[in-house]
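Have the structure open as you read.

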Amino acid sequence: MKMLSDRSVNTKFNIIAALLLAALFLSLAYSNYRREQALILTTAVDNARAIAHQIIETRDYLSQSVTNEPEHNYNLIPQVAATQIAKRLTSGSRYYVRQVSLRYRNPGNRPDSFEAAHLAAFRDGQVREVWQVTGERGKKALRYLLPMKADQSCLTCHGSYDTAPRFVRERFPRAHYSYGYKVGEVIGAVSVSVPMEGLYREVGTNLAFDLLYDGAVLLAFILISGWLIRRTILTPVKSVAGSIAEVARTGNFSERLTERGNDEVGELIGSFNELMAELDRKTLQRKESEDRYRNFIEIAQSPIVTFVGDGKIVISNQKAEKLFGLTKQELLGQCIFEFMENGDELRAAVEGYFSSGSSDLIGTTTRQTVRDVCGNPFEVDMVISVSQADQNPIFSAILRPLK
């Protein structure tokens, strides 16, 4: 905070705006990244679900529609046809699809640990579908499984050995686990795997474009808002501060600022102009009053000196200059206490007036011994009066020399 306190308002504004811009930019970047990730994942799951449903519907349709065709054409076996259709559906894409079962016949189609665990859950009726992003060999992939259930048409080939078609009996002997299916039983699942690395790279590319766009918008917003704030707030306030500093340096109260509207800044400028007008008026009145006072004491027949609380002489007339043997310029700023033989007594009286508001030497005529610039002593009758100037008391001493 000390670093900011020593900076100008413009610099503070630029620093704060830059920090806010950076925070907002990072927040938008993180939000966009999470949104893009969620969108990519949702799209991948939806596509995997659609492919799995298509394969199951194709398998069910063939199972219900074909009769003796599979005996003459191996590719019309529902499972085989569904597998080939899955390959065509996913050809040229990142998707890998296969049908898996705990009753696998081909060792090369053995379920992996992920598939085996969820096939068991499907068999127990715990879930209807499952998807999960997993890490495989250091690479992330979306795994999706949709269970397949046996219907009445499936039992034509996989019900019992005795009722199965001849080409099925020739392939699978009696007591093989390809038989014994029941209607509604989970016989396997469609497994879809989607590598996420390429999709995440797309997220990074989209994020880069989003960040460039958001950054450009934010930068334009900061520049425009900064220009407006500087023009409408900072520059007028800086003008007021500069004018106050100039008045403090020169004491010239004639300075005025151009008023801007009726908002808070406009009220500040208006108040400054009113203050300057009032100070200018009071300064003129004080100057006129001092001139009248100087003219008055100049025609007086007695020496008169006016001094402040520390004894410093601020006004004198020609009689006083002659009495002390100094010119007006030489006498101004001198301490009256040093010209008096009992100067400490007068100093104590002035200090007493400040503390109690009264003093025996104030307002009464006393005889004092004073010395001129050469140290020559002479006696005078002295009376001191008090008046207020800018809320501070000033003292005027009238000296009547005794001949």
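## Salt bridges in the predicted model

R371 counts as partly exposed, at 32% relative accessibility. Its salt-bridge partner is E341, with an N to O distance of 3.2 Å. This is a predicted model, and a search of the whole structure turns up 7 salt bridges.

**The R371 and E341 pair**
- The two residues link distant parts of the chain, 30 residues apart: R371 sits in strand β7 (residues 365–371), while E341 is in the loop between α11 (328–331) and α12 (343–356).
- E341 is partly exposed too, at 45% relative accessibility.

**The network around E115**
- Salt bridges link R98, D112, E115 and R143 in a network.
- R98 and E115 form one of these contacts, and their closest N and O atoms are 2.4 Å apart.
- Because R98 belongs to strand β1 (residues 96–100) and E115 to helix α5 (residues 113–123), this pair ties together parts that are 17 residues apart in sequence.
- E115 also forms a salt bridge with R143, where the closest N and O atoms are 3.2 Å apart.
- R143 lies in strand β3 (residues 139–149) and E115 in helix α5, so this contact ties together parts that are 28 residues apart in sequence.

**Burial within the network**
- E115 is buried, with a relative accessible area of 1%.
- R143 is buried at 5%, and R98 is buried at 14%.

Conventions. Residues numbered from 1 in each chain as written. Predicted model: local features only at pLDDT ≥ 70, side-chain atom pairs only at ≥ 80, totals over all residues. Heavy atoms only, no water. Salt bridge = Lys/Arg side-chain N within 4 Å of Asp/Glu carboxyl O. Helix = DSSP H or I, 4+ residues; strand = E, 2+ residues; numbered from the N terminus. Buried < 20%, exposed > 50% of the residue type's maximum accessible area, 1.4 Å probe, protein only.
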